[in-house]
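Biologist: Please show me how to read a few local features of a model. Start with what I am looking at.

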Amino acid sequence: MKTVVKALDLVELTSVEEFVAFKSQRKFYKVTGHKVYHLLGEVSYCKCQEFQRILRSAKGLIVTCKQCKHMLAVRLSQALQKVKSTCISDEEFYLLYSQVN
């Protein structure tokens, strides 16, 4: 429940930005809270400490339903249509994404 409340806080602050590559339609998301996290369009992995703890506790099992507040904020923003979307060229997408990951 705590994760949901934190994710909703991020949604209310409009902290989720979507970057869409024009030609390929590839996406990544920027979630800004105390730190900035970037997630690929599939939103199945985050570099935050919370998600790293989830992965460690899974002990090699496939994690399908556990999400950190950043992953959940992206999904909630999409559902509530509160994502700030920016269309960029595929070259810009590659440059931006390669700089952050």
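**Backbone and surface charge**

Modeller: Gln25 is found in the loop between β1 (16–21) and β2 (27–32); helices (H or I, at least four residues) and strands (E, at least two) are DSSP runs, numbered from the N terminus. This is a predicted model, where local features need pLDDT of at least 70, side-chain atom pairs count only at pLDDT 80 or more, and totals for chains, interfaces and linings use all residues. Residues are numbered from 1 along each chain as its sequence is written, and side-chain values use heavy atoms, leaving out hydrogens and water.

Biologist: What is the phi of Gln25?

Modeller: Most residues other than glycine have a negative phi. Gln25 is not a glycine, yet has a positive phi of about 65°.

Biologist: Which loop holds Gln81?

Modeller: Gln81 sits in the loop between α3 (69–79) and β4 (84–88). The phi of Gln81 is also positive, near 55°.

Biologist: Is Gln81 buried or exposed?

Modeller: Buried means under 20% relative accessible area, exposed over 50%, and partly exposed in between (1.4 Å probe, protein chains only). Gln81 has 73% relative accessibility, so Gln81 counts as exposed. Gln25, at 46%, is partly exposed.

Biologist: Which residues gather in the patch of positive charge?

Modeller: Patches take residues with over 30% relative accessible area and no salt bridge, and like charges are joined within 9 Å. A salt bridge is a side-chain nitrogen of Lys or Arg within 4 Å of a carboxyl oxygen of Asp or Glu. Here Lys2, Lys6, Arg53 and Arg56 form the surface patch. Helices α1 (2–12) and α2 (49–58) each give two or more residues to the patch. Arg53, in helix α2, is partly exposed at 49%.

Technical notes. Patch = residues over 30% accessible without salt bridge, like charges linked within 9 Å, V, L, I, M, F, W, Y side chains within 5 Å. Areas by Shrake-Rupley, 256 points an atom, 1.4 Å probe, with all protein chains shown as cover. Lys, Arg positive; Asp, Glu negative; His and termini not counted. Charge placed at Lys NZ, Arg CZ, Asp CG, Glu CD.
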